[in-house]
Amino acid sequence: MTARIIDGNALSAKLRGELAAKAAELTAKGTQPCLAVILVGGDPASAVYVRNKVTGCEKAGIKSLKFEYAQDTAPADVLGKIAELNADPSVHGILVQLPLPKHFDEKAVLEAISVEKDVDGFHAENVGRLSQGQEAFIPCTPNGVMEMLKSIETPLRGAEAVVIGRSNIVGKPMAMLLTAAGATVTVCHSGTRDLNFHTRRADILVAAIGKPKFVTGDMVRPGAVVIDVGINRLPDGKLCGDVDFDSAKDVAGAITPVPGGVGPMTITMLLANTVESASRAARKA
Ligand code: NDP
């Protein structure tokens, strides 16, 4: 069997077209969606992510503001900028690109962002709301995964879903969303005793580990939907996921590629959250 490829670029293009229409409608009524992005330090991968986010905004008619700080910037300067952006009614989303330099308290910075503008969905209050099924900004990567599952009409209710990884930004919210959708979810991590036992019974397998080609075809249940969140750079400079695509594609029923899978969907969902935040602000105005 050769798996169906879930094309994140194609799905993103469709969704971004819809978002551009919504952004244009809001702009015509006097509220242009606006995302402020803060980048601290010179990490090249972070610079690429920020550039992609800014370009994504521009193409969808969303205004973007970029604030760059040197690696040795005092945290108070960044917190001051966040306070200023929180108070600015023309800004609807605030994103601080992670990771921050070691002398920053990442949690304190994320908590400083107004819950109403937390379009990354990393604020503890948004996470709490999500866990209780209340209206919340959903973290972009797992939200993008849910859109991908929806796009191929993956049955979720009663499905066995296995998530490898339990980070705050991917694994944990991923498990919450799948649980809310009716799947029976198992979360695996570095302490999991028999990983293959779990992965081999998954109807839906999500890999968010950060280890290149970690999940091999023999770990996949025939016909499963395999979602590869990983982004790893190989010594030759090429990108690859946490799944060994070549062996997994012969076993899975559907699979996401890297690049061109979850990555573009993450940015699309960031744009979606920003447009949603702007439309909430317009309703309140
Ligand atoms: P983290 O490093 O925060 O988390 C990795 C998780 O994998 C941890 O929970 C860890 O377990 C688990 N893990 C590590 N080794 C093993 C193992 N041998 N067996 C089972 N589980 C293991 O990473 P992130 O969640 O932030 O990111 C994961 C990947 O996704 C990375 O490649 C990252 O670049 C990518 N990513 C991609 C995005 C996109 O847009 N496509 C967005 C965000 C991330 P433990 O908790 O026990 O340490």
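Author: Happy to! This is a predicted model, where local features need pLDDT of at least 70, side-chain atom pairs count only at pLDDT 80 or more, and totals for chains, interfaces and linings use all residues. Residues are numbered from 1 along each chain as its sequence is written, and side-chain values use heavy atoms, with hydrogens and water left out.

Reader: How many disulfides are there?

Author: A disulfide is a pair of cysteine sulfur atoms within 2.5 Å. Applying that rule gives a count of zero.

Reader: Is cysteine 188 buried or exposed?

Author: Buried means under 20% relative accessible area, exposed over 50%, and partly exposed in between (1.4 Å probe, protein chains only). Cysteine 188 has a relative accessible area of 1%, so this residue is buried.

Reader: And cysteine 240, buried or exposed?

Author: The relative accessible area of cysteine 240 is 7%. Cysteine 240 is therefore buried.

Reader: What distance separates a polar side-chain atom of threonine 266 from an oxygen atom of the ligand?

Author: Let's take the serines as well: serine 167 has a polar side-chain atom 2.5 Å from a ligand oxygen, and serine 190 also has one at 2.5 Å. For threonine 266, the distance to a ligand oxygen is 2.7 Å.

Reader: Which helix gives the largest share of the shell around the ligand?

Author: In total, 22 residues surround the ligand, and Thr266 is among the closest. Helices are DSSP runs (H or I, at least four residues), numbered from the N terminus. The largest share of the shell, three residues, comes from residues 262-284, which form helix H10.

Note on methods
Near = heavy atom within 4 Å. Polar contact = N/O pair within 3.5 Å; in protein donor to acceptor, adjacent residues only side chain to side chain. Helix = DSSP H or I, 4+ residues; strand = E, 2+ residues; numbered from the N terminus.
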